[in-house]
Amino acid sequence: MTATSTPEATEPEANPAAPRRRSFGLAAATALVMGNIIGGGIFALPAAVAPYGTVSLLAFVILSIAAVLLALLFGRLARRSPVTGGLYVYPRDAFGEFAGFLSAWSYWTMCWVSIAALATAVVGYVDVLIPLHDSHALQAAVALAALWLPAVANFAGTRWVGTVQVVSTVLKFVPLLLVATIGLFFVDADNFGPFNASGDSTTGAVAAAAALLLYSFLGVESAAVSAGEVENPERNVGRASVLGTLASALVYLLGTVAVFGLVPHDRLVDSGAPFADAVNAITGGTWGGTAIALVAVASITGCLNGWILLAAQMPYAAARDGLFPAPFAKVGKGGVPGFGVWAVAVLGTVLIALNYTAGPDTTFRVLVLITTFTGCVPYLLSAAAQLYWLARGTRERVRPAGLVRDLIVAALSFAFSFWLIAGAGYAAVYQGVLFLFAGIPVYVWLRGRRESAESSDETPAEKSVKPSV
């Protein structure tokens, strides 16, 4: 049986004499969840799913319900282990170090690849504000600035990250919500087009649309991963996860409905800026593109701010247990794992450089395809961990009154995660598995080094009592 986590065991303090200050209240934790879910994707999603028709709205509803289930799952798990690195801690406690390492490695991979993708997404919106004239050098410079500015901001400390997250979330949430609500009064039913425009069955169309929308809900776990920074995490992680997910789902669904009803279907399919086209339809002018571009830049920058923090905190938790290289465990004065921030920023820089030097069909785009897979592996393992604790049925981990509810949430979350992995496609799953297994040599090396060091520290008397193999 593995040892269970406690805040004291997993979150050692730099100064044991002083209590550890937690930087995120409920509002900041909710903003972290919302900010990480609502990135740059919302501005392109309506056009991406338009070829499937309005059946894609049904896919949105299904994904929203499933995301709320995951939020409830993480809230329950955070009550048991209210510490940083939640999606690493839950599988580790249930199934041992190897499962914890695979979860941390998979999530960390998803983070730094996604960070590079988000930084690149800024370029198109900046080009609306300041023409870049198709210069790869200028485009790369913009993407790198979008990556490194939030990275530098993270060194100011988790309290500063929380403040930036609240401000950036408000800046993007309010305009998007205005479009999603005011736009409904200008909707023309004739613009929606056919219910199923895919030529496939309704079930197939929903699955295909969902496959494009999978990436849009990554981030629901943000409060659980940063639980060590959340005030009263046993209570606030679950609340922040559910509130942030519900608010994000509301913006996603209403915004997509508004865009579908404002922009004719044949135009929406080929639109490069669907929200800008929707604003132009409301105002009758052409300033919508500029306004939405400003919102998009603020949105993606805030999203990068939160994702960089998460990308540093997951390996930090694993490194404390000797399952990631030791430098990842070092924490700066602001409470941020500095080496982890540097690592994701450098890796993201490499991917951005590949994107703007090797052309569009490069390894960079291949890696982006596997982010959904690598993100869902920790979801699957966390749901399995909850099922494990429920199956054990020990009184300290399972409340009889909530057993049925927790079992339903965990089982549906496991099924949803499995569906997401399958929906990523054969190529993404195949490549994702290879990328996941590439971390095994890292685990073998770190585990061997640690056990060798522990063995060398033992006295001859301690070694003599061990049974021979």
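**Figure 1. Accessible surface and make-up of the whole chain.** The accessible surface of the chain comes to about 19,600 Å², and 67% of that surface belongs to carbon and sulfur atoms; such areas come from the Shrake-Rupley method with a 1.4 Å probe, and for residues only the protein chains shown count as cover. The model is predicted: local features need pLDDT of at least 70 and side-chain atom pairs count only at pLDDT 80 or more, while totals for chains, interfaces and linings use all residues. Residues are numbered from 1 along each chain as its sequence is written, and side-chain values use heavy atoms, with hydrogens and water left out. The chain has 21 helices and zero strands (DSSP runs numbered from the N terminus, helices being H or I of at least four residues and strands E of at least two). Of its 469 residues, 53% count as buried (under 20% relative accessible area, with exposed over 50% and partly exposed in between, using a 1.4 Å probe and protein chains only). Among contacts (heavy atoms within 4.5 Å) between residues at least 6 apart in sequence, 83% join residues at least 24 apart.

**Figure 2. The crossing of helices H11 and H13.** Helix H11 covers residues 233-262 and helix H13 covers residues 274-283. Their axes come within 9 Å and cross at roughly 60 degrees (lines fitted to C-alpha atoms, for helices over the stretch in contact, with angles from 0 to 180 degrees between N-to-C directions). H11 is therefore oblique to H13 (angles under 35 degrees count as roughly parallel, over 145 as roughly antiparallel, 65 to 115 as roughly perpendicular and the rest as oblique). From H11, Gly 255, Val 259 and Leu 262 meet Pro 274, Phe 275, Ala 278, Ala 281 and Ile 282 of H13. By class, this contact of H11 with H13 has seven nonpolar, one polar and no charged residues (Ala, Val, Leu, Ile, Met, Phe, Trp, Tyr, Cys and Pro count as nonpolar, Asp, Glu, Lys and Arg as charged, and the others, Gly among them, as polar).

Figure 3. Thr 256 counts as buried because its relative accessibility is 0%. Not counting residues up to four places away in sequence, Thr 256 touches Pro 46, Leu 57, Phe 60 and Val 251.

Figure 4. With 45% relative accessibility, Val 128 counts as partly exposed. Leaving aside neighbours within four places in sequence, Val 128 is in contact with Gly 289, Thr 290 and Ala 293. Gly 289 is 161 residues from Val 128 along the chain, and the C-alpha atoms of these two residues are separated by 7.3 Å.
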